[in-house]
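Q: Please take a close look at the aromatic rings in this structure. Which of them come together, and what surrounds them?

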Amino acid sequence: MLSRPETGTVAALTASGQPIVAYKKGYDNYLISDSLMVARPVAEDTGNCGEGDVLNDWQCDAIYSGGTTGQYTSIALKSNGTPFVAFWNPGSKSPMLAAEVGSGGNCGPSNSWSCTAITNGSDFTGESVSLALPADGSPQLAYYNRTDQSLEYAYNVGSGGNCGAGEWQCDWISAMGTSLFDMGISIDLYPGDLPIIAYQDASDPIGPAVLAIARPWALLPGSTPNCGPILAHQFTWVCEWLDSGGATLSEGRDVSVTVSDVGHAMVAYHELDSYPYPAEGKLKLATESHLVFFSGFDTGNFD
């Protein structure tokens with residue numbers, strides 16, 4: 001689903017075509033905490049933000065504040081348009097999930113949102129968080145565990161889980177290694193709500209980072225599971241390289257995956273090509289049937 005690193009902004013459209021924007025609001029003054037913000041259009045002159053012709057035609061609300069909160073933002077909407085926003089909170093060293101509940105929450109204007117920290121013991125987790133929302137409204141998250149340098153997957157179980165006060169299950173999926181840059185992670189769901197996670201694998205200390213995907217073995221019953229949590233002495237997920245890039249410097253520093261209504265996945269990702277001098281960034285696309293590669297279709301510098 002949609003996600004952006006650091007101070008990035010993400011947006012989603014309701015069924016009626018109205019945008020909802022989530023973003024981090026930061027300040028030059030380190031004494032003022034950053035905030036996760038949500039903005040949406042409102043009736044003319046009834047809001048508190050906007051510029052020029054749309055001055056006060058938008059409502060911008062602080063949902064959660066503290067430290068450098070709001071990095072790595074990801075947004076998804078329920079079928080009724082209710083927004084969920086996942087973001088990283090370095091204070092709790094964990095991903096957080098904010099859901100608009102109307103009343104009775106613990107964050108946002110007049111406690112109209114509910115904010116949950118999905119802590120996992122003492123591990124430093126939650127960077128590059130990406131959110132997917134099944135039809136039943138039970139969120140699924142993929143994110144980077146910096147302590148273990150690994151990809152983690154979290155889903156709501158209500159009770160009996162191993163993280164988030166027992167309401168969540170947080171599972172190790174695959175080694176990712178580490179990088180000087182942000183680690184690319186993106187999650188989406190196949191029909192039936194089983195996940196696909198596209199991610200950057202930089203676990204080889206001497207080789208370039210590669211683009212990889214992880215899927216539950218239930219999606220690929222003819223293959224050999226090689227990653228994910230172990231059940232009955234056997235891995236339960238399949239992790240595959242999509243693009244090793246050959247002599248490129250890295251693949252997948254930024255990545256986004258989406259699944260069509262008929263169950264075909266597409267992965268857009270960044271490649272840093274070492275052949276030109278200076279090195280050149282390239283946008284590439286992989287599509288599934290079965291993950292056939294198209295050539296990069298835009299290039300330039302490093303971004």
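A: Tyr-72, Trp-88 and Phe-124 form a cluster, linked by ring pairs. Rings of Phe, Tyr and Trp (its six-membered ring) count as a pair if their centres lie within 6.5 Å; planes under 30 degrees apart are stacked, over 60 edge-to-face, and the rest tilted. The model is predicted: local features need pLDDT of at least 70, side-chain atom pairs need pLDDT 80 or more, and totals for chains, interfaces and linings use all residues. Residues are numbered from 1 along each chain as its sequence is written, and side-chain values use heavy atoms, without hydrogens and water.

The structure has five aromatic pairs. One of them joins Tyr-64 and Phe-87. This pair is tilted, with 5.8 Å centre to centre and 45 degrees between the planes. Tyr-64 sits in strand β5 (residues 58-65) and Phe-87 in strand β7 (residues 83-89), so the pair ties together parts 23 residues apart in sequence. Strands here are DSSP runs (E, at least two residues), numbered from the N terminus.

How exposed is each ring residue? Tyr-64 is partly exposed, at 25% relative accessible area. Phe-87 is buried, at 0%. Buried means under 20% relative accessible area, exposed over 50%, and partly exposed in between (1.4 Å probe, protein chains only).

Now the sheet. Four strands form an open, antiparallel sheet in the order β10-β11-β12-β13. Strands pair if DSSP finds at least two bridges between them. β10 (125-132) and β13 (168-175) are the edges; each has a single partner strand, so one side of each lacks a neighbour in the sheet. Five bridges join β10 to β11 (residues 140-145). Thr-125 has Asn-145 in β11 as its bridge partner.
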